[in-house]
Amino acid sequence: MLKQITLSLLAAGVLAGCSLAPTYTRPEAPISSVYPAEDGGKAQTAGNAADNATNIGWREFFPDQRLQALIAIALENNRDLRVAALRVEEARGLYNIQSADRWPNVNAAASGSRARTPASISPTGAAMISNTYQVGLSLASFELDFFGRVRSLNQAALSQYLATQEAQQAVHISLVAEMAKAYLAERGLAEQQEYAQRTLESRQAAYKITKQRFDVGASSALDLRQDEVLVESARASLAILARQRAQAVNTVILLAGKPLSDLPPAQPLSGQNIVTDIPAGLPSDLIARRPDIRSAEQQLQATNANIGAARAAFFPRISLTAGIGTASNELSNLFQTGTQTWSFAPQLVLPIFDAGRNRATLTVAEVRNNVAVANYEKTIQTAFREVSDALVARSALEEQIDAQQKVQVAQAERLKLAEQRYRNGVASSLDVLDAQRQLFADEQLLIQARVLRLTNAVDLYRALGGGWSENTVTAQSGK
């Protein structure tokens, strides 16, 4: 008997190689072969493979030690990343559960019973007490996977698990980028706040002088009110920037996942030295670099495998139930000669009428596969757009900063000239007031443009799949 069961299982293993799942073919990427033109019409194509974003560790990309510390803290404590890691563990468990169906489920069982039969129904006409003891091994309804139903379900579970792993990596990369952008935003607001504070102090000093001149009749009430307007405007701007900076700090703390302390000193925007010239490579490289695209493709493969399981439901399902052991009415005789028992119960189930259930299940599986194809293509298109946006903005922001710096220098010179003309009685105080207001606004715009340039580099780094590795020569040599 045991030999028969073994031969049946071996035959099932040989025949179970059949699969009714469609042959998977990766859909064509619905994007252009090159990125939009940048740098005066020069299209973005392949760059040096050794310098692409995935080969640049985030510690190398972000040399600011304070930012490095913040990213390390976030990778250890951020709750979104922690949930993503737990999702991977959950998917691994589900895959292991599904994978177990490909193997026989053999159980050891021991049982005993004692029963009294009344005389009225006893075959001997007298009351009797019977004992039954049994011990053995049982095979619980093992499906012979001739048409690949179990195999397809197992493949779908594996693809779901791999998709979850890729999703965790995508969360990791996004967290690195979001922490960097939050930190740069906080640094930009800090510099704006510092400049606003200096401006307020300077205007307060000017207002004090104007007040003294007004008290002795050397200045008009109009001049006094104009300086007062400048002071209060600077104070209002300082309050706004203080609020925005505090909120930016709260964002950094939320991303970090814990209160922050003992961090390295912060670096100014000019000291960030973030890599801004990242080779974009070919758009087709995104499929290998971006974990969100790889995750969408694994989801597509899972739905493709589910079609195979839905097709197999139309064919007969064969299962085996078997058992072998010993049985006796006396516990002491349980393992004696002649007490062996066995059972072998194959079952074949052939669907005949199910009111269209199997057909509907197959339709649902095919529709879900089409949805997964659309999601996969949309993910690629989104990735292409993110890289394209960052590339288009890169050169534009460089030009914007260059122009804004020249505007700031010109406004500073304009203020000096206006003040000289005012002291010489050639110009009115309104000219000085307007020059002061414009210089303050242009200085704030210059800081904002610098933040935009740095965050654009971070966006391009993330869009190209960078931020997963942290290995650098410097980090390794320091170990």
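Which residues form one aromatic cluster? Phe61, Phe62 and Tyr461 do. The structure is a predicted model, in which local features need pLDDT of at least 70, side-chain atom pairs count only at pLDDT 80 or more, and totals for chains, interfaces and linings use all residues. Residues are numbered from 1 along each chain as its sequence is written, and side-chain values use heavy atoms, with hydrogens and water left out.

The protein has eleven helices and six strands, assigned as DSSP runs numbered from the N terminus (helices: H or I, at least four residues; strands: E, at least two). With a radius of gyration of 37 Å, well over the 23 Å that the globule rule gives for 479 residues, the protein is more spread out than a compact globule; the radius is taken over C-alpha atoms, and the rule is 2.2 Å times the number of residues to the power 0.38. Along the principal axes, the C-alpha atoms fill a box of roughly 135 × 55 × 55 Å. Of the 479 residues, 37% are buried (under 20% relative accessible area, with exposed over 50% and partly exposed in between; 1.4 Å probe, protein chains only).

Aromatic contacts come next. Rings of Phe, Tyr and Trp (its six-membered ring) pair if their centres lie within 6.5 Å, and planes under 30 degrees apart count as stacked, over 60 as edge-to-face and the rest as tilted. By this rule there are seven aromatic pairs. The rings of tyrosine 35 and phenylalanine 384 are stacked, because their centres are 5.4 Å apart and their planes are at 20°. This pair links distant parts of the chain, with tyrosine 35 in strand S1 (residues 35–38) and phenylalanine 384 in helix H9 (residues 357–423), 349 residues apart. Both tyrosine 35 and phenylalanine 384 are buried.

Tyrosine 195 and phenylalanine 440 also form a stacked pair, at 5.7 Å centre to centre and 20° between the planes. Tyrosine 195 is buried at a relative accessible area of 13%, and phenylalanine 440 is buried at 12%. The charged end of arginine 203 sits over the ring of phenylalanine 440, 5.5 Å from its centre (NZ of Lys or CZ of Arg within 6 Å of the ring centre and within 35 degrees of the ring normal).
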